[in-house]
Amino acid sequence: MAGRIDVIMDGGVQRGTHVLKALSVGAKAVGVGRYYLYPLAVAGQAGIERALDLMRTEIERDMKLMGCTALSQLSRDNLRFR
């Protein structure tokens, strides 16, 4: 589509809610680069696996609280702007 670009949010992601907010406002992907570095430094691969499991659990829980069963259901309507 002319005049449109894909947006990828990268930076500042610390919680699953950050991922959901980015996807709700139109991001096509979310990078979590630094999110896994601290668990890697502390506990190696097991730390990364634990951190990513926590992120997945939070995203799934928060989607249920939003009444969404699929990422395709995320939209600006799911957010409250102050």
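## A tour along helix α2

Begin by selecting Asp53 and Arg56, which sit three residues apart in helix α2 and are therefore separated by about one helical turn. Helices here are DSSP runs of H or I with at least four residues, strands are runs of E with at least two, and both are numbered from the N terminus. What you have open is a predicted model, in which local features need pLDDT of at least 70 and side-chain atom pairs count only at pLDDT 80 or more, while totals for chains, interfaces and linings use all residues. Residues are numbered from 1 along each chain as its sequence is written, and side-chain values use heavy atoms, with hydrogens and water left out.

**First stop: the charged pairs**

Show the side chains of Asp53 and Arg56, and you will find them joined by a salt bridge, with 2.4 Å from N to O; the term means a side-chain nitrogen of Lys or Arg within 4 Å of a carboxyl oxygen of Asp or Glu. Asp53, at 30% relative accessibility, is partly exposed, and Arg56 is likewise partly exposed at 41%, where buried means under 20% relative accessible area, exposed over 50%, and partly exposed in between, using a 1.4 Å probe and protein chains only.

Then move to Asp62 and Arg61, whose side chains form a salt bridge at 3.2 Å, N to O. Asp62 is buried, with a relative accessible area of 10%, whereas Arg61 is partly exposed at 45%. Through shared partners, salt bridges link Asp53, Arg56 and Glu60 into one network. The count of salt bridges by this rule is three.

**Second stop: Glu58**

Select Glu58, which lies in helix α2, a helix that runs over residues 37-66. Is Glu58 buried or exposed? At 18% relative accessibility, Glu58 counts as buried, yet Glu58 has no salt bridge, since the nearest side chain of opposite charge, Arg61, is 4.2 Å away. For charge, Lys and Arg count as positive and Asp and Glu as negative, with His and the chain ends not counted.

Leaving aside neighbours within four places in sequence, Glu58 is in contact (heavy atoms within 4.5 Å) with Arg15, Gly16 and Thr17. The C-alpha atoms of Glu58 and Gly16 are separated by 5.3 Å, although these residues are 42 apart along the chain.

Move on to Ile59, which touches Gly16, Val19 and Leu20 when residues up to four places away in sequence are not counted.

**Last stop: the largest pocket**

Finally, select Thr17, Leu20, Lys21, Asp62, Leu65, Met66, Asn78, Leu79, Arg80, Phe81 and Arg82, which line the largest pocket. Helices α1 and α2 are the elements that give two or more residues to this lining. On a 1 Å grid over the protein atoms alone, a pocket is an open set of points where a 1.4 Å probe fits, with protein on both sides within 12 Å along at least five of seven lines, and lining residues have an atom within 4 Å of a point. The volume of the largest pocket is about 290 Å³, taken as the space filled by probe spheres set on the points, which are joined across faces, edges and corners.
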